[in-house]
Amino acid sequence: MIVDIQGPTMQWEQSSIEGIMAKDILLQDKQFYDCEFLRCDFSGTTLQECTFVECTFTDCALTMIKVPHCRWERCDFIGCKMIGVDWSQAMWPLPRTKKKSIFNLSFKGCAMDFSMFIGMNLTGAKFLDCSLKEAAFEQADMHGCQLSGCDLTDAAFQATNLTEADLSSAKNYSINVCNTVVTKAKFSFPEAMALVYALDIEIERR
């Protein structure tokens, strides 16, 4: 289906949007509900005050998109290239029982290097087999977050809450347990040795 998202239409529901080129433009106040995006290119585009609810993005290019006041709820990203996105600019749903908003997106097999999640509530978020090199997780609440199969080379964790997070199959992380909460978090050898190295201690072999 050919969809002109730059036209006067402001809302789409249950639409299949395939192969559109929307690079380096401004999309404002557009609303998408239960839509599927396939092989679309939004690289460098500003999604200002747009809404995406229960949408799926597959094999899409989203590198360096800007998301000021963009609303996201229950969206899935599969095999997307989305490098350098500052997710803290977006608006997130606020649950009735908590003061912090909810980041209820899932990512599978995505390139997310240089992504920024500073100070965000990522409780229960799912990152599966993603590249998160040099991603910024400082001061984020990642309680119960799944990072299975993720490459965390040079990712930044500072004053981060990793309580019950699953990093059992993550790799290349460097986490200072002196300033990061790791209570009941899951790690596995040999990658877990990086936690010991951060303690600045000497281990002797016998």
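Reply:
**Around Thr180**

Not counting residues up to four places away in sequence, Thr180 touches Phe157, Gln158, Ala159, Thr160, Leu162 and Ile175, where contact means heavy atoms within 4.5 Å. Keep in mind that this is a predicted model, where local features need pLDDT of at least 70 and side-chain atom pairs count only at pLDDT 80 or more, while totals for chains, interfaces and linings use all residues. Residues are numbered from 1 along each chain as its sequence is written, and side-chain values use heavy atoms, with hydrogens and water left out.

So where are we? Thr180 sits in the loop between strand E12 (126–128) and helix H1 (193–197); helices (H or I, at least four residues) and strands (E, at least two) are DSSP runs, numbered from the N terminus. With a relative accessible area of 4%, Thr180 is buried (under 20%; exposed is over 50%, partly exposed in between, using a 1.4 Å probe and protein chains only). A polar atom of its side chain lies 3.2 Å from the backbone oxygen of Asn176.

Now hop along to Val182, also in the loop between E12 and H1. Val182 is partly exposed, at a relative accessible area of 23%. Setting aside neighbours within four places in sequence, Val182 is in contact with Leu162, Ile175, Val177 and Phe187. As for Leu162, its C-alpha atom is 4.9 Å from that of Val182, though the two residues are 20 apart along the chain.

Note on methods. Polar contact = N/O pair within 3.5 Å; in protein donor to acceptor, adjacent residues only side chain to side chain.
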